[in-house]
Amino acid sequence: MLRTQSLRVFVTVADCGNIRDAAKSLGRTVSAISMTLKQLESHLGAPLFETDRKHTLTALGHEVRKLANDLLREHDRTTERIAAIAAGREGALRIAAVPSVAAQLLPPILTDMLVDHPGIRIELLDTDSASVHMLVETGEVELGIGGKPEPRAGLQFVPLFNDPFRLVCNKNHPLAHATSPLTRADLQGHRLISNKSTIGFPDFRNGDPDVASTLSARNVISLLALVRAGAGATILPALATLSINDDLCSLALDDPTALRTVGFILRQNGNPSPICAAFQNRFLDLIQKAGTTPATEPGLPVIWPDNLT
């Protein structure tokens, strides 16, 4: 089997026209260069140079030189790309995130990454947490950002921050002018529209008859349209309320347990690519700058909307 290094030695000698200059260029001894050429010619079964002075190529030498140059150029390009991918300068990153994170937290991070790493490609999929879990589990994306998955083999959850639930209603709703955080008792008797986010809200999950919903919407645009039309109020994580219009209200809930925990979803025992690791570090920096830490959950920040506007 021909060795790439042997072909590189041959091409360098052919370019220099003698062994001494080639040895100097390659940083090797004259005897080592001579031995490499002899081994290459022995492997090919024919001489590459007309004389021992190595300044005139044989017909075979001319053909080998041309092909070797092509091979070495491709080899060098490939090794450079491998090194770039390993260093995070090139490569592809596929991320799945819940819509509120995708819309409110990721744009500045991804923009900066494309500036700092112009050779990378990023694909962002925004979907609900259950779909994020599935995309990571099947390997369609390398990293997910969303709610905590149900215990299952193959997934790892790294909690990052808490996102408190808020009530969203139109400005004509009876609760719209509340001057203090709403209690669960305040919600009783009002129609609430359920959505994918309310899976994590205990009263919806447990089917509490006082707050359970007979109307649901999966798409946030449709959900907010229903709220705007007066079909009811809904409960959304604080991050999701940053996109609501002025005709809607976002009201705090007086319940420290009314929150979702958002984190990284990774494949169990997987090693992140360099570009994925770089993204995770940037995301963690953003959380540390935007988050506040309540006394109820030491060490796990809360992302408040005011910190991002």
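Predicted model: local features only at pLDDT ≥ 70, side-chain atom pairs only at ≥ 80, totals over all residues.

Residues are numbered from 1 along each chain as its sequence is written, and side-chain values use heavy atoms, with hydrogens and water left out.

Of the 309 residues, 40% are buried, and buried here means under 20% relative accessible area, with exposed being over 50% and partly exposed in between, for a 1.4 Å probe and protein chains only. If we take contacts (heavy atoms within 4.5 Å) between residues at least 6 apart in sequence, 67% of them join residues at least 24 apart.

Now to the strands. How many of the 16 residues of strand β4 are buried? The number is 13, so β4, which covers residues 155-170, is mostly covered. Strands count as paired if DSSP finds at least two bridges between them, and β4 has several such partners. With strand β9 (residues 259-267) it runs antiparallel over nine bridges, and there Phe 161 has Val 262 as its bridge partner. With strand β7 (residues 233-237) the pairing of β4 is also antiparallel, over four bridges, and Phe 165 lies opposite Pro 237. With strand β8 (residues 248-252) β4 forms five bridges, again antiparallel, and Val 168 faces Ser 250.

Strand β3 (residues 143-147) has five of its five residues buried, so it is largely enclosed by the rest of the structure. β3 is joined to β9 by four bridges in the antiparallel sense, with Gly 146 opposite Gly 263.

Let me turn to the helices. Two packed helices are described by the angle between their axes and the distance between the axes. The axes are lines fitted to C-alpha atoms, for helices over the stretch in contact, and the angles run from 0 to 180 degrees between N-to-C directions.

Helix α1 (residues 4-16) packs against helix α2 (residues 19-26) at about 125°, with the axes 8 Å apart. That makes α1 oblique to α2, given that angles under 35 degrees count as roughly parallel, over 145 as roughly antiparallel, 65 to 115 as roughly perpendicular and the rest as oblique. In this contact Val 9, Thr 12, Val 13 and Cys 16 of α1 meet Ile 19, Asp 21, Ala 22, Ser 25 and Leu 26 of α2.

What about α1 and helix α4 (residues 59-86)? Their axes come within 9 Å and cross at roughly 120°, and the two helices are therefore oblique to each other. The residues making this contact include Leu 7, Phe 10 and Val 11 of α1, and Val 64, Leu 71 and Leu 72 of α4.

Finally, helix α6 (residues 106-116) and helix α11 (residues 274-290) have axes that come within 10 Å and cross at roughly 135°, which makes α6 oblique to α11. Among the residues that meet are Leu 106, Ile 109 and Met 113 in α6, and Phe 279, Arg 282 and Phe 283 in α11.
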